[in-house]
Amino acid sequence: MSNIVSTTAKDGSTVEFNYENPKSGAMKDVYFAPDKSYVVAFYKKQLDYAGLSRLEKLVGKYREQIFESEGGDYWKDIFCWPEKIVEYDGMTGIVVPAYQRHFFFEAQALQGEEKEGKWFASAKNYNRHVPEEERGALNTFLRVCLKLAQGVRRLHAAGLAHSDLSYKNCLIDPKSGSACIIDLDGLVVPGLFPPDVLGTPDFIAPEVMESLDLPKEKRVLPTRKTDQHALAVLIYQYLFHRHPLRGKKVWDPDDDKRQESLEMGKNALFIEHPTNRENAYDDRDPEEVNALAPWSLVNKLSYKSMGPELSELFERAFIDGLHNPDLRPTANEWEDALSMTADRFVKCNNPQCIGKGFIYNNAGHPACPYCGTRLNGPLPFLDFYVASPQGNFLREKNRRMVIWHGVRLYQWHADRYVVSNEKTKPEDKEAVAYCVFHNGAWNLVNVNLPDLKVVYENGNQVDRKIGIGQKVVLANGMQLILKSPPNGRAVTVGFTK
């Protein structure tokens, strides 16, 4: 029988919850609202001054700063943010929104379980336990990673840091490409001593790991730079379903604790390091390799298989910046790279392919690294140019879009000052062009590009306008202006081999 309790939050509002059968965690007991639209989580231990001050700032100043500024509604899907502070029966608690429905498994085997990121971070869990219909595909995992990068970027822009960014504190849904950062009551708030939690194994930055045996006052504390390490690990795990630092090297065969400390701390070494193969992942038991394939086949599915933008950031995160925090990529850089990488996604011709597609990385005769299927005929791609102040167009480094049947272009492809994020205007979310394969040719159809015109084809300069509703057959070497200077972009057309 329900035991509905009503209490008054610190902001004066009424909060009701069912005060029985709590869901118990390590630090909090969680009770549901009568309509299950929110939960009330009570701390098992009394909060100190810093803990209570942190909550007051998070539900006040920072919540207002993030959710009531331009694009604030966007963050409601990415953050499960504490909304109110309550006190009841001598306990302090917080009110947070309930998780959205798509963050719970639907298939029978795991029905009702939260889609905690750990289910998707290792090949063992992903291959053996995640139902096929809820596994997602490479392009949806790219969207998951993009959402996480955007969330971390927004926290850092507000001056906050996450003390425990990990798969334990991220819910993801690869089926829809959604992600949500949870347990945000432990954020690092400026001016307050950070929480005692220093991270989750697998995600603790090497400099923090090295300091764990030091007296508390000498330990390295969580910062934006430790977040940058954890974010890089999350992205690598979601794209490859393996850990970037857990390889074959055994640093201490007799002491598991010391092995963990060295592997994740002082001696941390990228499993795909191009010159130091001491911790290489590709020297494993054949049965284990087969059970964890294709993710265990590092030579076929290396970090470079994700294209030039992400490859560069993986190298900075796990080679240059692994032991030098100042060199780690920012969340904003991950966001940009993931967005551009999504434009290189190519659908695989094999309907049984586990990745459902792959990233075109400029290789000749491209083939899917997941299943080996080659492209069925050449595909066009667009290389992007931006207008300079002088009015001419300059090549954008690594920016390329692969064309396949049904792919769409948006305003952020045509206009250099439009980006796809929380500030994107509703009208800019509509496709401005799309591509179709028809009568043996690739056609670009103009939906809403008033300036679209061909300026070079068949070796000649031309000035041929493509009106709205009209189409143009893409040809190798063709040059088009999508939008006129000073904001616009131009493209040249090439074809895969």
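Me: Why is R246 called partly exposed?
Reply: R246 has a relative accessible area of 24%. Buried means under 20%, exposed means over 50%, and partly exposed is in between, using a 1.4 Å probe and protein chains only. So R246 gets the label partly exposed, with its 24%. Before we go on: this is a predicted model, where local features need pLDDT of at least 70, side-chain atom pairs count only at pLDDT 80 or more, and totals for chains, interfaces and linings use all residues. Residues are numbered from 1 along each chain as its sequence is written, and side-chain values use heavy atoms, with hydrogens and water left out.

Me: What makes E260 and R246 a salt bridge?
Reply: Their closest N and O atoms are 2.9 Å apart. The rule asks for a side-chain nitrogen of Lys or Arg within 4 Å of a carboxyl oxygen of Asp or Glu, so this pair qualifies. E260 sits in helix α7 (residues 256-264) and R246 in the loop between α6 (224-240) and α7, so the bridge ties together parts 14 residues apart in sequence. Helices here are DSSP runs of H or I with at least four residues, strands are E runs of at least two, and both are numbered from the N terminus. Salt bridges with shared partners also join D202, R246, E260 and E263 into one network.

Me: What about D185 and K28: are they buried or exposed?
Reply: D185 is buried at 12% relative accessible area, and K28 counts as buried at 13%. Their side chains meet in a salt bridge too, at 3.2 Å from N to O. This one links distant parts of the chain, 157 residues apart: D185 is in the loop between β9 (178-181) and α5 (206-211), while K28 is in strand β4 (residues 28-32).

Me: How many salt bridges does the structure hold?
Reply: There are 29. Another of them joins K76 and D73, with the closest N and O atoms 3.2 Å apart; K76 and D73 are both exposed.

Me: Why are β13 and β18 said to stand at the edges of their sheet?
Reply: The open sheet has six strands in the order β13-β12-β21-β20-β17-β18, with antiparallel pairing. Strands pair if DSSP finds at least two bridges between them. β13 (393-402) and β18 (460-465) each have a single partner strand, so one side of each is left without a neighbour in the sheet.

Me: How do you know that β17 and β18 pair?
Reply: Strand β17 (residues 453-457) and β18 share four bridges, in the antiparallel sense. With at least two required, they count as paired.
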